[in-house]
Amino acid sequence: MKRRLLHIIPVTAAVLFLSGLQLDASGNFAFSTEQYTQDTQTTFTQLVDSEKQVMYLNAETNVLEEESNVSSTIETDGKGTQVHLLSAAGELCKIITPSGKVGYVNRNKLTTNVEDIFTEIDETKYSIGDVEIKQLPQEESSTIQTLSLDEAVHIIGTNDFSYFEIEKDGVKGYVLKDNLKDEKTPIPVTSGTEGFSAVWANMGNTGTITKAKGVNYFDGRRETYYSSNVLYHYLTPTWTLDEEGFYHDGDYYVVAASDMPKGTTFSCSKGTCIVLDTGCPAGTTDYYVAW
């Protein structure tokens, strides 16, 4: 009986024999484009070339053994892991991991741009002025919303690059880090007797605003009111009206204030106010009433 010889091919060599795969002069993988032309979406196929074959996982991802969503997992790699794309036909893409394993991941878990990968955080920052929220973390991306001065922003992601990932009114977007600050701009209070801010601050608290008393001073702010009969707010039907004719949003008095972000709550002469409108001078608390 003849003995059959067993030939063992080293792992590094085996990788080189993958269909269409070879090492270029710089040591990176290069691909034959022919194998990716069929059954592949055009926009994704454009990523599969010698310059853009390196990709990154945008979330912690299970690498599957076979090209099936019910396949077993051969390893799990973390967000930001660099992989090489071997093929991009269909929902699952064939990759090679840093450990040398070949498997499959969903195309939605891949990105060519490491700047798109954010670490989750939970912070609040404030706009330095009129600031654009971008749809993508890129200067050329479209603007989906514009922030006003001192408007609060919920930061949900960060990385070592230029943009924060933010959430505003239930929509995710991106804002340049340099356009946000840790605290709101303080209300200026001038010294001496000139300037309304100084007068209001020096007058102290003088009771509370009423229908008969149209101007009041409380906690360094000037309190006034504006009527729903003159300036109707589209959210009026969602608010309640108390016996004095003041509108409430839950337990809060509805007010306008141009120097605070919408949604801010603070102490006022009537109790606790919530800012839901703008249009009055800085330093003014404008109650919404039905008079």
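This is a predicted model: local features need pLDDT of at least 70, side-chain atom pairs count only at pLDDT 80 or more; totals for chains, interfaces and linings use all residues.

Let me start with a question: is Cys93 buried or exposed? Cys93 is buried, with a relative accessible area of 0%, where buried means under 20% relative accessible area, exposed over 50% and partly exposed in between, with a 1.4 Å probe and protein chains only. Residues are numbered from 1 along each chain as its sequence is written, and side-chain values use heavy atoms, with hydrogens and water left out.

Cys280 is likewise buried, at 9% relative accessibility. Taking a disulfide as a pair of cysteine sulfur atoms within 2.5 Å, the count is one, formed by Cys268 and Cys273 with their sulfur atoms 2.1 Å apart. The torsion about that S-S bond is about 100°, so the disulfide is right-handed. Of its two partners, Cys268 is buried at 5% relative accessible area, and Cys273 is buried at 0%.

Now to the pocket. The lining of the largest pocket comprises 13 residues, and those nearest its centre are Ser148, Glu151, Lys168, Pro261 and Lys262; here a pocket is, on a 1 Å grid over the protein atoms alone, an open set of points where a 1.4 Å probe fits, with protein on both sides within 12 Å along at least five of seven lines, and lining residues have an atom within 4 Å of a point.
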